[in-house]
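Colleague: I am new to this structure. Could we go through it in short steps?

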Amino acid sequence: MSLITLANLEKSIPSGNGRLWILRDITLDIAEGEFVTVMGPSGAGKSTLLGILGMLDHEWTGEYRLVGEAVHTLKPKQRIALNKRHIGFVFQQYHLLDDLTVYENLDIPLSYRDVPKREREGIVADVLDRFGIVAKKDLYPAQLSGGQQQLVGVARAVVANPKLILADEPTGSLHSEQARRIMELFRELNQGGTTIIQVTHSEECASYGHRIIQLFDGWLRQP
Ligand SMILES: Nc1ncnc2c1ncn2[C@@H]1O[C@H](COP(=O)(O)OP(=O)(O)O)[C@@H](O)[C@H]1O
Ligand SMILES: [Mg+2]
């Protein structure tokens, strides 16, 4: 069953007298349970594509269906609701909230989803345990290594149990050992049924996925 269907998805921005094309005619189907890697040179449109999939970017044309919902027909508010229900995002630079503890960073996505406090405590405790970061729960991001911050980044992405994880170069700032840890986690989550779409330049990271999608100058190339 399709989780994501894109048809003729395009993005361009005004430039001089014409338009600068960032994504061209993207038609793509991603099934529930897939682990997909997006690769391609810098500037190819990978982050733009992930931003659109993650509903962080609304300036595009074409069709995007997520779990059967026609995203292209939804208003921003409805898109945000869909995003909250189904998507977790992992960023290269972690994007944790610096003045909140690890525990508080993990609690935030649940509070946005109106999960009662009692229930949240149980869920956060469980995620801290699964990710091996119980001892870090009262520390602030700046007190953690990059690898530990990204563990928290992934934990935050999955705490509300999304169907889809979008990860834009999640290991781009990590040492190879830390990167492997993140990939092992992705593999486990994927085996548990979570669909994953990651951007990476690393062949090793790509080898954890099932399928590679190549972008060049905004055009898709599927083997
Ligand atoms: N808001 C924007 N304004 C101008 N140019 C943009 C904008 N967003 C992306 N681009 C351009 O679109 C292209 C694709 O960017 P990006 O998706 O970040 O590529 P990648 O992640 O593959 O390196 C780049 O040439 C980038 O400069
Ligand atoms: Mg990018």
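Modeller: One definition to begin. A residue is buried if 20 or more other C-beta atoms lie within 10 Å of its own, exposed if 12 or fewer, and partly exposed in between, with C-beta atoms placed from the backbone. This is a predicted model, where local features need pLDDT of at least 70, side-chain atom pairs count only at pLDDT 80 or more, and totals for chains, interfaces and linings use all residues. Residues are numbered from 1 along each chain as its sequence is written, while chains are lettered from A and ligands numbered from 1 in the order in which they are written.

Colleague: Is Tyr-94 buried or exposed?

Modeller: Tyr-94 sits in the loop between strand 6 (87–90) and helix 3 (102–112). Helices (H or I, at least four residues) and strands (E, at least two) are DSSP runs, numbered from the N terminus. Tyr-94 has 21 other C-beta atoms within 10 Å, so it is buried.

Colleague: What is the phi of Tyr-94?

Modeller: Most residues other than glycine have a negative phi. Tyr-94 is not a glycine, yet its phi is positive, at about 65°.

Colleague: And Asn-8, is that residue buried or exposed?

Modeller: Asn-8 lies in strand 1 (residues 2–15). Its phi is positive too, near 50°. Because 11 other C-beta atoms lie within 10 Å, Asn-8 is exposed.

Colleague: How far apart are the end C-alpha atoms of helix 4?

Modeller: Helix 4 covers residues 117–130, which is 14 residues. The expected span is 1.5 Å times one less than the number of residues. That gives 20 Å, and the end C-alpha atoms agree, at 20 Å.

Colleague: Which helix gives the largest share of the shell around ligand 1?

Modeller: A residue counts as near if its C-beta atom, placed from the backbone, lies within 6 Å. The residues around ligand 1 include Ile-13, Gly-40, Lys-46, Ser-47 and Thr-48. The largest share is three residues, from helix 1 (residues 46–53).

Colleague: What is the radius of gyration of the protein?

Modeller: The radius is taken over C-alpha atoms, and the globule rule is 2.2 Å times the number of residues to the power 0.38. With 223 residues, a compact globule would have a value near 17 Å; the protein agrees, with 18 Å.
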